[in-house]
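Me: I would like to go through this structure and ask what stands behind each term. Please set each value against its definition.

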Amino acid sequence: MSEAQSPAFRRAVVALNGGSSDSRIVRLVAGEARQAKAEVVAVHVLEIDWTLPLDADIAGNSDEVQRVLDSAEAIAEAYKVQLQPVLLQARDVGAAIVDEAVERGADLLVVGLTYRKRFGGEFAIGRTIPYILQNAPCAVWVVRDPIS
Amino acid sequence: MERPHSPYFRYTGPGQLTAKEATLAPKSGGGRALERIRRFLFGRRLASEEEVTERLPKKLALPIFSSDAISSSAYAPDEILIALFAGGAIALQYSVEIALAIAVMLAIVTTSYRQVCRAYPSGGGAYAVAKENLGQIFGLIAAGALMIDYVMTVAVSTTSAVAQAYSVWPVIYDWRIEIGIASIALITIGNLRGLRESGNIFALPTYLFLGLSLLLVGLGVARALTGQLPSPPVPPQVPLPGAEALTLFLLLRAFAGGSVALTGVEAIANGVPAFKPPEARNAANTMTIMAILLGILFVGFMFIADSMGLRPATAGGGPTAIAQLGTAIFGDGSPLFVALQVATALILFLAVNTSFNAFPRLAAILAGDGYMPRQFSFRGDRLAFSYGIVILAAVAGLLIVVFQGDTHLLIPLYSVGVFVCFTLSQVGMVRHWITSREPGRRWRAAVNAIGGLLTFVVLMVVVSVKFEGGAWLVVVLVPLLVALMLFIHRQYATSRRELALRPGQIITRPHREERVVVPINGVSRAVVQAINVGRSISDDVRAVLVSDDPNETAEVRAAWERAIPDVPLVVVESPYRALTGPLVAYLDVLDWAWPPDKDAPITFVVIPEYVPRHWWERMLYNQSTNQLRRALLGRPNTVITNVPYRREEPAMFEAASDDHSRGRPMPPPSPPSTTLPRP
């Protein structure tokens with residue numbers, strides 16, 4: 001069985017970007033975590049550009065940023081799975097997610113892949129997902145948005 | 001990043017928070033202990049989204065919704081036999097005819113209620129039907145009657161269930177009240193835990209009772225037809241005052257007593273939305289099956305009882321009619337007999353549970369419509385309407401105690417409410433069909449009109465023959481309940497009108513002046529804290545000392561002028577030693593002295609309050625504070641502010657004092673005069 005097919009994991013880090021794919025990937029991971037009795041860590045990274053200090057309180061003042069993690073927590077509760085929400089401010093999203101996965105000893109990292117419908121439609125793979133795929137210390141699930 | 005809200009709240013939208021269960025966690029040790037007990041008894045708290053709504057197939061809906069009606073066959077035969085027994089053996093020969101008359105009534109009521117199922121697929125309780133078609137007053141009459149009906153179902157079914165038990169084990173007769181109360185307490189706890197009536201487990205007692213009762217009827221009828229029925233076990237009797245003549249009144253009394261068999265027939269019409277689609281047809285068909293089964297059991301029991309010459313137990317502790325039949329057909333002490341009695345007791349408890357579901361729901365609907373206090377519509381920790389459940393249990397328990405756990409004494413209160421509901425529901429349906437444009441509305445209206453007329457006649461019969469036996473209580477209670485509900489509705493309507501904003505009204509910043517009065521009893525940290533709060537509200541702050549001791553007054557004034565020189569102290573001497581009266585009068589005088597050309601100011605009465613650390617300390621402190629608060633509550637233009645002082649705060653206080661002594665700027669002195677203004 002390949003790494004990606006195996007549902008068994010002990011600790012999964014789920015990267016949330018505040019988009020439509022968040023609820024889908026949290027449901028997916030919570031469902032699997034419930035069976036595997038695994039821990040789930042939801043990470044939302046707020047990218048801080050170089051014009052601001054890294055410790056500027058951007059996330060703390062935003063309801064919307066908090067809501068991303070709170071929604072994930074609510075979904076996990078519905079699945080009766082303990083989800084630990086983590087809010088980070090970082091210069092680079094991909095590096096922050098990988099660092100968090102390393103620090104937490106995660107054996108699974110889950111990211112969502114957004115589908116943009118404009119201009120005929122394409123997957124917005126960006127820089128973050130390739131970085132995670134190359135640097136993650138564990139299995140990575142990339143969960144794409146539905147194309148339709 | 002820190003997420004300080006995270007333990008207690010969840011952001012669910014812009015500017016919108018949802019509280020988590022942690023916000024309800026008790027903070028004191030005693031509170032935590034109580035919480036553990038509460039959790040043990042009632043289970044963990046459920047969130048609103050955890051509510052489960054289910055659709056029932058007919059095979060589950062039949063036992064769940066029919067338990068109330070079918071279980072009536074456990075006590076209705078006794079009522080006919082006891083009434084007829086007063087007329088002697090000749091009167092008892094009419095028991096089958098009376099049972100047949102009741103079965104005909106059952107058929108008519110069922111046919112009428114089938115129409116309700118079709119017309120009100122969202123649930124056609126008597127209240128909803130009467131309110132919509134006959135208006136508010138008739139709706140409330142139906143609601144009052146229904147509430148009495150539910151309370152009586154709990155009381156009667158519980159006492160009857162206990163009677164089934166002491167028919168097998170007579171030794172428990174002396175404990176019947178305690179057992180009844182304990183049973184209600186258990187069912188109450190179960191319902192406060194959110195016990196649902198739709199679980200598979202609830203189908204078992206009904207099917208068990210149906211199976212054993214049908215077996216009993218089958219065997220009994222077969223033996224009666226072949227002449228093999230044994231003679232009945234003769235229950236203990238009390239000497240009768242003398243046989244009554246066989247009159248129409250006696251027969252009507254027996255009919256009225258037996259009409260309790262019809263109670264609970266309406267339950268299916270109330271619960272149409274719980275059926276699987278097509279809801280109305282499934283509910284109507286289930287109702288027909290229920291009526292056929294109830295009719296077979298009821299007439300069958302009476303036929304066997306008549307064939308074997310069964311005598312009712314008129315003395316306390318005697319076996320019920322169904323127990324006597326079970327003894328005769330299955331054999332005394334046989335496993336089938338014991339199983340029959342257990343199943344009868346269980347189905348009766350299931351009927352109790354039906355009321356525990358229906359009463360709080362009706363009370364919640366009435367509360368939603370503004371006819372009952374709002375707390376009846378609040379759901380408890382387990383999503384149950386806790387207030388309704390507790391009230392129902394309390395009233396039913398009281399009835400069991402007052403009527404000494406005797407089913408026969410409770411029955412006269414029972415049927416009146418039921419037939420009021422039947423009649424109003426049927427008359428409401430006639431009105432519904434008249435105004436409707438549905439095909440077949442004429443014959444449907446005719447069916448309901450016949451049902452309404454007959455149930456009204458039965459209602460009159462029941463009221464007249466049972467009036468002295470206790471029906472008068474219901475006749476008095478229903479109008480009282482209606483009056484009470486109308487009063488509550490008027491109160492809510494008035495307060496809503498008074499609190500409403502004018503359409504399009506835009507609220508601007510207030511321009512009224514504010515002043516602060518701090519009642520004090522001396523110079524203390526609690527008082528200083530209250531003064532500081534007062535300073536944050538307005539510059540116009542004054543302390544008021546009401547005292548009956550001139551020496552104490554002088555000491556306080558000296559201490560005050562030393563510690564808080566910038567806040568004026570007004571001393572009100574009270575030679576009659578009262579505290580509240582002089583203070584309120586002082587506030588009145590302040591109001592009278594306000595220039596009449598200016599808007600009246602808002603007076604903040606800032607009350608220093610010492611927070612006790614232990615429950616027993618509450619008796620030692622704040623008694624006069626509470627008295628003052630009560631006296632000021634509702635005073636115009638007055639805001640009462642409590643400033644609690646906790647004993648844990650001295651460190652904070654010291655720090656503040658140090659800051660102060662190191663030269664933090666003091667607020668500007670208050671302008672008002674310390675003398676009492678003249679009115």
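Me: What makes β5-β4-β3-β6-β7 of chain B an open sheet with parallel pairing?

Reply: The model is predicted: local features need pLDDT of at least 70, side-chain atom pairs count only at pLDDT 80 or more, and totals for chains, interfaces and linings use all residues. Residues are numbered from 1 along each chain as its sequence is written, chains are lettered from A and ligands numbered from 1 in the order in which they are written. Helices (H or I, at least four residues) and strands (E, at least two) are DSSP runs numbered from the N terminus, and two strands pair if DSSP finds at least two bridges between them. In chain B, five strands in the order β5-β4-β3-β6-β7 form an open sheet with parallel pairing. The edges are β5 (569-573) and β7 (638-645) of chain B, each of which pairs on one side only. On average, neighbouring strands of this sheet are turned by 25° against each other, direction ignored.

Me: How do you know that β3 and β4 of chain B pair?

Reply: Five bridges join β3 (residues 514-520) to β4 (residues 541-547) of chain B, and the rule asks for at least two. The two strands run parallel. Across this pair, B:V518 stands opposite B:A543 in β4(B).

Me: Which helices of chain B lie across this sheet, and at what angles?

Reply: Contact is counted when the C-beta atoms of two residues, placed from the backbone, lie within 7 Å. Axes are lines fitted to C-alpha atoms (for helices over the stretch in contact), with angles from 0 to 180 degrees between N-to-C directions. Helix α21 (residues 580-592) of chain B lies across β3, β4, β5 and β6 (602-610) of chain B, at about 140° to β4(B). Helix α22 (residues 623-632) of chain B lies across β3, β6 and β7 of chain B, at about 160° to β6(B).

Me: Why are α12(B) and α13(B) called roughly perpendicular?

Reply: Helices α12 (residues 279-307) and α13 (residues 321-330) of chain B pack at an angle of about 65°, with their axes 11 Å apart. They are therefore roughly perpendicular to each other. B:F301, B:I304 and B:A305 in α12(B) meet B:A321, B:I322 and B:L325 in α13(B). This contact has six nonpolar, no polar and no charged residues.

Me: How do you know that the radius of gyration of chain A agrees with a compact globule?

Reply: The radius is taken over C-alpha atoms, and the globule rule is 2.2 Å times the number of residues to the power 0.38. For 148 residues the rule gives a value near 15 Å, and chain A has 15 Å, so the two agree. Its C-alpha atoms fill a box of roughly 45 × 35 × 30 Å along the principal axes.

Me: What does the rule give for chain B?

Reply: A compact globule of 679 residues would come out near 26 Å, but chain B has 34 Å. The box for the C-alpha atoms of chain B is roughly 110 × 60 × 60 Å, taken along the principal axes.

Me: Which element gives the most to the side of chain A that touches chain B?

Reply: The contact takes 13 residues from chain A and 10 residues from chain B. Helix α2(A) gives the most to the side of chain A, with seven residues.

Conventions:
Parallel < 35°, antiparallel > 145°, perpendicular 65-115°, else oblique. Nonpolar A, V, L, I, M, F, W, Y, C, P; charged D, E, K, R; others polar.
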